[in-house]
Amino acid sequence: MDNAQTAGPVRIGLIVGSTRPGRRGAAVAGWAGEVAAGHEAVRAGTAVVEVLDLAEQALPLLDEPVPAMFGDYRNPHTRRWSAAVAACDAFVFVTPEYNHSVPAALKNAIDYLHPEWNGKPAGVLSYGVQGGTRAGEHLRQILAEVRAVVVPTAAALTVFTDFDFSGADPGDPTAPGRIAPAAERAEALSAMLTEIVTRARAPRSDDDLVTAGGSPERMG
Ligand SMILES: Cc1cc2nc3c(=O)[nH]c(=O)nc-3n(C[C@H](O)[C@H](O)[C@H](O)COP(=O)(O)O)c2cc1C
């Protein structure tokens, strides 16, 4: 699979990594989409953002008999997810922190594929009680293994300061709050998007790529 981004706008997949009913992930992704819409590359038409919502993909727990590195997909849901990811040149991963890591649904969705991630820039937008930074760090390790190129700048939202709970019942654990991030959060996300677009337009190194059918020795 040739993952070099050539003509046309850089297609950035905004991956919504949580799937539970009442999730904050949809609001975080919505905010990220608004920030992206104001980014100079998007306004100039040199980048476009497409939401890839794992709740809509509804992937079962990994049920492919052949490791993704070999690109031999047997199931329609895998082929659908593969096509959606392959169509993107870069990604912003929107991940909450669940027990100090990423949600199982996000890890599962990454595990389904391999060549579709190879060599593509990726940014991490985490959120949680403390910015979701432990999930963000885990995600960087996972993405390194599928040879995505994680850009240096990360963005992190903290549930109790970047959401507004005024008017909510303090005793209601399901109250999502209204997303209201501090200005520097948008600055961080915008800087991340600049890095992603710059990296997507840069020539690729062969070290970034592992083609479908790649050697099993590289799977460790
Ligand atoms: C299963 C689970 C585990 C969680 N573990 C953590 C955690 O380890 N650290 C943290 O900061 N927040 C943790 N939280 C709080 C979430 O980060 C917060 O509720 C966030 O909104 C969850 O994302 P979602 O609303 O998109 O599902 C946890 C939430 C859930 C549901």
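Two strands pair if DSSP finds at least two bridges between them. Helices (H or I, at least four residues) and strands (E, at least two) are DSSP runs, numbered from the N terminus. The model is predicted: local features need pLDDT of at least 70, side-chain atom pairs count only at pLDDT 80 or more, and totals for chains, interfaces and linings use all residues. Residues are numbered from 1 along each chain as its sequence is written, and side-chain values use heavy atoms, with hydrogens and water left out.

**View 1. Strand 4 and its parallel partners.** Strand 3 (residues 90–96) runs parallel to strand 4 and is joined to it by six bridges. Proline 96 has tyrosine 127 of strand 4 as its bridge partner. Strand 5 (residues 149–150) is also parallel to strand 4, with two bridges; here proline 121 is partnered by valine 149. Four bridges link strand 4 to strand 6 (residues 155–158), again in parallel, and glycine 128 stands opposite threonine 158.

**View 2. The two faces of strand 4.** Pro121, Gly123, Leu125 and Tyr127 point one way, while Ala122, Val124, Ser126 and Gly128 point the other way. Eight of the eight residues of strand 4 (residues 121–128) are buried, so the strand is largely enclosed by the rest of the structure. Buried means under 20% relative accessible area (1.4 Å probe, protein chains only).

**View 3. Helix 5 against helix 6.** The axes of helix 5 (residues 104–111) and helix 6 (residues 133–145) come within 11 Å and cross at roughly 10°. The two helices are therefore roughly parallel (angles under 35 degrees). Leu106, Lys107 and Ile110 of helix 5 meet Leu139, Ile142 and Leu143 of helix 6, contact being heavy atoms within 4.5 Å.

Key:
Axes are lines fitted to C-alpha atoms, for helices over the stretch in contact, and angles run from 0 to 180 degrees between N-to-C directions. Angles under 35 degrees count as roughly parallel, over 145 as roughly antiparallel, 65 to 115 as roughly perpendicular and the rest as oblique. Buried means under 20% relative accessible area, exposed over 50%, partly exposed in between (1.4 Å probe, protein chains only).
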